[in-house]
Amino acid sequence: MSVDGDRTTTETWRHEDGRWIGSGVFERSGEVVSTEALEIVDVDGVLTYVATPSEQTRTAFVLTHLMKNVAVFENPEHDFPKRIEYRRRGDKLIATVSSDDRETTWTFVRR
């Protein structure tokens with residue numbers, strides 16, 4: 001869960017059948033404003049992050065960088081985001097989505 005003023009973002013992940021399945025919920029003042037289906041799957045030998053925001057089409061991002069505490073997925077053809085980065089710092093997970101001129105970051109802590 002990430003809280004920023006009246007905005008709360010929650011991501012939930014589970015491992016199932018060789019892939020990671022997740023969901024994102026974005027709330028403002030306690031009301032859900034949007035959701036997204038997430039998954040990390042093997043596509044032709046490449047780990048791929050697939051996001052399907054509510055009322056939008058699926059977008060795939062390929063793994064371009066992986067280290068002990070960092071995973072970066074990119075899709076340079078997408079408008080926003082072009083890059084999704086997850087970075088573990090202690091007991092926190094920092095998620096950053098960015099493009100050429102825009103960036104949004106969430107700091108998640110376990111509930």
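I started with Ile 84, which is buried, at a relative accessible area of 5%. For this notebook, buried means under 20% relative accessible area, exposed over 50%, and partly exposed in between (1.4 Å probe, protein chains only).

**Ground rules.** I am working on a predicted model, where local features need pLDDT of at least 70, side-chain atom pairs count only at pLDDT 80 or more, and totals for chains, interfaces and linings use all residues. Residues are numbered from 1 along each chain as its sequence is written, and side-chain values use heavy atoms, with hydrogens and water left out.

**Ile 84.** I placed Ile 84 in strand S8. Strands (E, at least two residues) and helices (H or I, at least four) are DSSP runs, numbered from the N terminus. Next I listed its contacts, meaning heavy atoms within 4.5 Å. Setting aside neighbours within four places in sequence, Ile 84 meets Tyr 49, Phe 61, Ala 71, Val 72, Phe 73, Thr 96 and Val 97. I also checked a distance to Arg 28. Ile 84 and Arg 28 are 56 residues apart in sequence, and their C-alpha atoms are 22 Å apart.

**The core.** I then looked up the largest nonpolar core, which has 14 residues. A nonpolar core here is a set of buried Ala, Val, Leu, Ile, Met, Phe, Trp, Tyr and Cys residues joined through side-chain atoms within 4.5 Å. Those with the most contacts inside it are Tyr 49, Phe 61, Phe 73, Ile 84, Tyr 86, Ala 95 and Trp 106. Two or more residues come from each of strands S4 (31–43), S5 (46–53), S7 (70–74), S8 (83–89), S9 and S10 (103–109). Beyond four places in sequence, Phe 73 touches Ile 40, Leu 47, Tyr 49, Phe 61, Val 62, Leu 63, Thr 64, Lys 82, Arg 83 and Ile 84.

**Whole chain.** I counted elements next. The protein chain has zero helices and ten strands. Its radius of gyration is 14 Å, close to the 13 Å that the globule rule gives for 111 residues, so the chain is as compact as a globular protein of that length. That radius is taken over C-alpha atoms, and the rule is 2.2 Å times the number of residues to the power 0.38. The C-alpha atoms fill a box of roughly 40 × 30 × 30 Å along the principal axes. Of the 111 residues, 34% count as buried. I also noted contact range. Among contacts between residues at least 6 apart in sequence, 13% join residues at least 24 apart.

**Ser 98 and Pro 81.** Ser 98 sits in strand S9 (residues 92–98). Ser 98 is buried, at 12% relative accessible area. Leaving out residues up to four places away, Ser 98 touches Phe 80, Pro 81, Lys 82, Arg 83 and Glu 103. Its C-alpha lies 8.6 Å from that of Glu 85, 13 residues away in sequence. The bond from Phe 80 to Pro 81 is cis, with omega near -5°. Pro 81 is in the loop between S7 and S8.

Most residues other than glycine have a negative phi, and most peptide bonds are trans. I found positive phi values too. Asp 17, not a glycine, has a positive phi of about 50°. Asp 17 is in the loop between S2 and strand S3 (19–28) and counts as exposed at 73% relative accessibility. Ser 29 has a positive phi near 55°. Ser 29 is in the loop between S3 and S4 and counts as exposed at 54%.

**Thr 8.** I found Thr 8 in strand S2 (residues 7–16). Thr 8 counts as buried at 17% relative accessibility. Apart from neighbours within four places, its contacts are Met 1, Ser 2, Val 3, Val 25, Phe 26 and Glu 27.

**His 65.** My last stop was His 65, in strand S6 (residues 59–67). His 65 is partly exposed, at 35% relative accessible area. Not counting residues up to four places away, His 65 touches Val 70, Ala 71 and Val 72.
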